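Reader: I have a model open and a few things to ask about it. Can we go through it step by step?

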Amino acid sequence: AMRAGAEERARKEAAKAKAAAETKAKEQAKARAEFKAREDAKVEKLRQAAAKKEAEAARETERKSKRAQKAAAKVEAKVEAKAEAKAEVSVEERVEERAEESDVADDVGGDRMSSTREAAAAEAAAAA
C-alpha cells in the first residue's frame, strides 16, 4: 500500500512537472512571438523612415535639377540676346560704313550712287 501510494504521488508530481514544463514552454513561445513582433515593427518603422528620406532626397534632387535647368536656360537666353544685339550692331555698322562710302561716292559721282547706298543697306540687312 505504501509503495502504491508512493508511486501515485510520484505520478502526480510527474504530471505536475510536465504541466509546468508545458506552461513554461507556451509562455516562452508567446514571449518569443511578442519579441519578434516588436522587432519586426521596429525594422518596419526604420524601413519606412529610410524610404521617406530617400523620397525626400529624390524630390530635392529633382528640385535642384529643375533649378539648374532654369538657370541654364536664363544664361542661354542672355547669351542669345547678346549675340543678337551684337549682330544688329554689326549690321547697323556695316550699313553706316557703306552709307559713308556711298556718301563719298555721291559727292564724287552724283545721284547714281544713292541707289548704291540703298543696295548696301538691303545687302547688309539680308546678311543679318
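Reader: What is the relative accessible area of R63?

Author: Keep in mind that this is a predicted model. R63 is partly exposed. Partly exposed covers the range between the buried limit of under 20% and the exposed limit of over 50%. For R63, the relative accessible area is 38%.

Reader: Which residue meets R63 in a salt bridge?

Author: The contact runs between side chains, N to O, at 3.2 Å. A salt bridge needs that pair within 4 Å. The partner of R63 is E56.

Reader: Which residues are joined into one network with R63 and E56?

Author: E56 also meets R59 in a salt bridge, at 2.7 Å from N to O. Salt bridges that share partners build the network. Besides R63 and E56, the members are R59 and E60.

Reader: How many residues apart are R59 and E56?

Author: Both lie in helix α1. Their spacing is about one turn of the helix. R59 is partly exposed at 44% relative accessibility, and E56 is partly exposed at 35%.

Reader: What distance separates the closest N and O atoms of E39 and K42?

Author: E39 and K42 both lie in helix α1, about one turn apart. E39 counts as partly exposed, at 28% relative accessibility. The pair forms a salt bridge, with the closest N and O atoms at 3.2 Å.

Reader: How many salt bridges does the count come to?

Author: The rule takes a Lys or Arg side-chain nitrogen within 4 Å of an Asp or Glu carboxyl oxygen. The pair E39 and K42 meets it. So does the pair R59 and E56. The count comes to 7.

Reader: What share of the protein chain's residues is buried?

Author: The chain has 2 helices and 0 strands. Of the 128 residues, the buried share is 6%.

Notes. Residues are numbered from 1 along each chain as its sequence is written. This is a predicted model: local features need pLDDT of at least 70, side-chain atom pairs count only at pLDDT 80 or more; totals for chains, interfaces and linings use all residues. Side-chain values use heavy atoms; hydrogens and water are left out. Helices (H or I, at least four residues) and strands (E, at least two) are DSSP runs, numbered from the N terminus. Buried means under 20% relative accessible area, exposed over 50%, partly exposed in between (1.4 Å probe, protein chains only).
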